[in-house]
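This briefing concerns one protein model, shown below. The points that follow are grouped by topic.

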Amino acid sequence: KMLSFGIRSYVQVVTAHLLLRIDVYMVQAFLGPSQTAFYALALHFTELVLEVPQAIGLVLYPKLAALPEEQMHRLTAQSCRRTLMVTVPAAAALALLGPWIIVLWYGKAYAEAGAPLPWAAVGVAAMSIFVIITRDFTARQKQRVNTVSGLLALATNVALNVFLIPIYGIVGALFATAVAYSGACVILIYFFLQESGLRWFDVLVPTRDDVAYFSGVAQRALARV
């Protein structure tokens, strides 16, 4: 049973890796090392934001695995909403301030790396939901749903990159990635809603409790300071 679970999880992880990295390989193939360096720099800022859902998912998974299915779905939905409350502002800051920070830190020669960051922000917001919901399916030993969603997004990413990279360069690559991430997110939300019986706004729209939760966190932080 452990080997079966591990093999399915391995396929899921490899699919996720390709989804997150295939664009880098394709930028290198089409545009060469200098543009790949700019693209990798833009992705570095993206991955800083993605660390948030990755960290939440790491803590969330064992909790989900110990819960009854109904409670599992509700905790997953709550985690999605609260993750968005962190990642959406961070993604907006990435799109607005990222180009300026790149020039400030690395110089004007690297300004080109800031051009695709608005599309990176879109991809980050979508992928943050994808990361959280995958924990729900993995906790129920349904990694195939995550894998199928990832493979469909991967195929979309490759097809769009083949068309867009030669025309629009690294901006086209991150646009393709944003579309692929968003597609993966939509597919996974669809399956999650079908199985959980929840509605889309239960997953995406913050509630008063969510706002109160972060307000409490802020108050405790200020009290400690």
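Which backbone oxygen does the side chain of Q143 reach? The side chain of Q143 reaches the backbone oxygen of F5, at 3.4 Å; a polar contact is a pair of N or O atoms within 3.5 Å, where, within protein, one must be able to donate a hydrogen and the other to accept it, and residues adjacent in sequence count only if both atoms are side-chain atoms. The model is predicted: local features need pLDDT of at least 70 and side-chain atom pairs count only at pLDDT 80 or more, while totals for chains, interfaces and linings use all residues. Residues are numbered from 1 along each chain as its sequence is written, and side-chain values use heavy atoms, with hydrogens and water left out.

- Q143 belongs to helix α5 (residues 143-196); helices are DSSP runs (H or I, at least four residues), numbered from the N terminus.
- Q143 is buried because its relative accessibility is 1%, where buried means under 20% relative accessible area, exposed over 50% and partly exposed in between (1.4 Å probe, protein chains only).
- Residues up to four places away in sequence aside, Q143 touches F5, R8, S9, Q12, F137 and T138, contact being heavy atoms within 4.5 Å.
- Q141 is in the loop between α4 and α5, and its phi is near 60 degrees, a positive value in a residue other than glycine.
- With 46% relative accessibility, Q141 is partly exposed.

**Nonpolar core**

- The largest nonpolar core comprises 54 residues, and those with the most contacts inside it include Y39, I133 and F192; such a core is a set of buried Ala, Val, Leu, Ile, Met, Phe, Trp, Tyr and Cys residues joined through side-chain atoms within 4.5 Å.
- Two or more residues of this core come from each of α1, α2 (33-65), α3 (69-106), α4 (117-139) and α5.
- The most is given by α5, with 15 residues.
- Beyond its neighbours within four places in sequence, I133 is in contact with T76, C80, L188, I189, F192 and V203.

**L174 in helix α5**

- L174 lies in helix α5 and is buried, at a relative accessible area of 3%.
- Apart from residues up to four places away in sequence, L174 touches Y39, A42, L43, P116, W119 and A120.

**Exposed Y10**

- Y10 lies in helix α1 (residues 2-31).
- Y10 is exposed, with a relative accessible area of 58%.
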